[in-house]
Amino acid sequence: MRRIASLMATAAVAFATPAAAQDVINGAIRADQPGPVIARHIQGQFAEHLGRDIYDGIWVGPDSAIPNTRGIRSDVVEALKAIKVPVVRWPGGCFADIYNWRDGIGPAAKRPVRKNDWWGGLETNAFGTHEFFDFAEQINTDTYVAINMATATPAVMREWMDYLTSRGEDTLAQERRANGHAAPFKVDFVGIGNEAWGCGGAQTPEYFANEYRKFATFFHKNGATFHMHNDNSALRVASGPNNDDTKWMEVVLKNAGEQMDAISLHYYTVWHGDWAQRDSAMATGFPASHWNEILYQASRMEEILRGHEAVMDKVDPKKRIGLFVDEWGTWYRTEPGTEPGHLYQQNTLRDALVAGITLNIFHAHADRVRMANIAQAVNVLQAMLLTDGDKLAKTPTYYTFAMYTPFQDATFIPVNAPAPMLKAESGSFPAFTVSAAKAKDGKTYVAVANADKDKGYKLALDLGGLKGSKVSGQVLTAAKLDAHNTPGQKEEIAPAPFNGGRIGGGKLLLDIPAKSVVVVKIEG
Ligand code: AHR
């Protein structure tokens with residue numbers, strides 16, 4: 001309940017005069033009540049063979065004039081390393097269920113070209129297994145491999161896993177070595193099924209649970225029954241529900257929970273929460289009235305997590321099974337003039353707020369939410385990075401992630417900071433959310449996502465026993481609601497030093513501007 005109080009405040013602010021009542025908020029940082037560790041993996045990324053995410057976005061090929069290391073663009077690697085990407089999910093998404101891993105190994109010239117039936121265009125397979133793990137090593141991240149469950153078999157999965165992880169003298173391990181990788185690849189997580197209720201085969205939860213049990217069995221996880229000396233230590237992630245489909249969660253957990261380490265959830269921010277209306281929301285040039293509705297839809301993540309956690313807590317009270325939100329983010333009308341199936345959209349200050357609001361929610365659910373993967377890393381949906389030839393833009397979402405890196409593996413600290421509610425067409429949501437944590441560097445960090453486009457707030461947060469004399473940090477904001485960055489053009493929006501913080505009278509005082517994301521460090 002504590003976490004809910006900190007995020008979803010309902011009470012009107014009960015102090016000061018009515019005129020000032022909305023802009024001064026008294027609250028408290030409860031460092032005496034530390035919570036769980038906020039898994040670094042909640043800042044995970046997703047890279048799918050979709051549009052220009054892989055090709056152009058990550059892979060340009062070794063012969064490209066664009067600077068690269070073994071075909072992987074150097075600017076993208078540098079930018080992703082800077083935000084300490086903790087995990088990347090690959091190769092899909094829907095694409096995973098039409099992917100044949102064998103197409104993507106061996107000499108590049110001999111790799112088959114396939115139709116990408118989900119997202120259009122041709123898949124050259126130039127970027128396959130070895131290239132993905134090279135990319136992961138270059139950005140120093142954990143790996144999350146989504147296997148093909150819908151159009152392949154457990155035998156195909158087993159062969160890929162042996163190729164990836166076998167330390168033995170078997171033919172698949174030898175084939176990997178012959179293809180240039182002597183050591184096993186480091187597979188940290190494996191996804192079994194993707195949107196099994198939809199693009200992954202339109203399955204019922206009962207049918208999926210049975211199929212999942214079969215695949216999970218033949219995954220041969222090290223340490224599972226009979227398998228004390230296998231090479232597969234990856235955590236197994238079952239395809240979970242869409243949005244608030246708690247029936248899927250319940251049936252799959254009850255029927256297959258024992259064979260999984262985590263279950264996924266997909267929740268996208270779409271106009272009115274309705275896929276049919278998705279194209280009504282534009283990424284840029286939107287009317288001011290669209291601001292609140294999108295941020296309301298993003299803030300629904302809170303209630304959606306709560307619904308699933310209630311089910312999970314019944315079936316798995318010890319919280320062994322993680323909830324991985326392995327697809328989330330905004331999904332707007334694609335940019336005019338681009339291929340609709342490529343899901344290319346711009347990314348504005350509003351998306352930076354979506355990211356801040358969502359990360360704050362994940363922090364408050366850190367006991368169950370142990371991974372999340374924003375969709376997607378480059379050039380697709382709510383991307384970190386946009387490319388145009390050799391040009392690269394860091395999006396406002398990228399900058400939110402950059403500012404939140406101290407929260408990776410930090411210890412959650414509850415904050416009570418009652419926010420007024422803002423109205424949107426479909427509901428209401430807190431004007432701001434606050435999250436705090438003790439980071440691995442021993443310092444306490446406080447993040448504020450202020451969704452109020454019209455008003456700033458002065459927060460006065462009691463520090464309790466928390467010692468500190470100095471506050472420093474960054475703010476991400478802009479004059480325009482749709483401030484965004486374009487490859488090759490001067491940045492419109494980037495973090496700036498935050499000068500609105502100080503400590504006085506045992507309180508952290510923060511002067512938070514309208515429509516901003518602020519992260520501060522308390523020290524001294
Ligand atoms: O992220 C784009 C697509 O959205 C993914 O491929 C799919 O899993 C989801 O429907």
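A polar contact is a pair of N or O atoms within 3.5 Å; within protein, one must be able to donate a hydrogen and the other to accept it, and residues adjacent in sequence count only if both atoms are side-chain atoms. The model is predicted: local features need pLDDT of at least 70, side-chain atom pairs count only at pLDDT 80 or more, and totals for chains, interfaces and linings use all residues. Residues are numbered from 1 along each chain as its sequence is written, and side-chain values use heavy atoms, leaving out hydrogens and water.

**View A. Ligand surroundings.** The ligand is surrounded by 14 residues (a heavy atom within 4 Å). E48, C94, E195, Y268 and E327 are the closest. A polar backbone atom of C94 lies 2.8 Å from a ligand oxygen. For E195, a side-chain N or O atom is 2.7 Å from an oxygen of the ligand. For Y268, the corresponding side-chain distance is 2.8 Å.

**View B. Helices α5 and α7.** Helix α5 (residues 154-165) packs against helix α7 (residues 205-219) at about 30°, axes 9 Å apart. The two are therefore roughly parallel (angles under 35 degrees). Their crossing is right-handed. P154, M157, R158 and M161 of α5 meet K214, F215, F218 and F219 of α7 (heavy atoms within 4.5 Å). Six contact residues are nonpolar, none polar and two charged.

**View C. Helices α3 and α4.** Helix α3 (residues 74-82) and helix α4 (residues 129-139) pack at about 55°, with axes 9 Å apart. V77, L80 and K81 of α3 touch F135, Q138 and I139 of α4. By class, this contact holds four nonpolar residues, one polar and one charged.

Methods: Axes fitted to C-alpha atoms, helices over the stretch in contact; angles between N-to-C directions. Helix = DSSP H or I, 4+ residues; strand = E, 2+ residues; numbered from the N terminus. Parallel < 35°, antiparallel > 145°, perpendicular 65-115°, else oblique. Left-handed = near helix turned anticlockwise from the far one by under 90°. Nonpolar A, V, L, I, M, F, W, Y, C, P; charged D, E, K, R; others polar.
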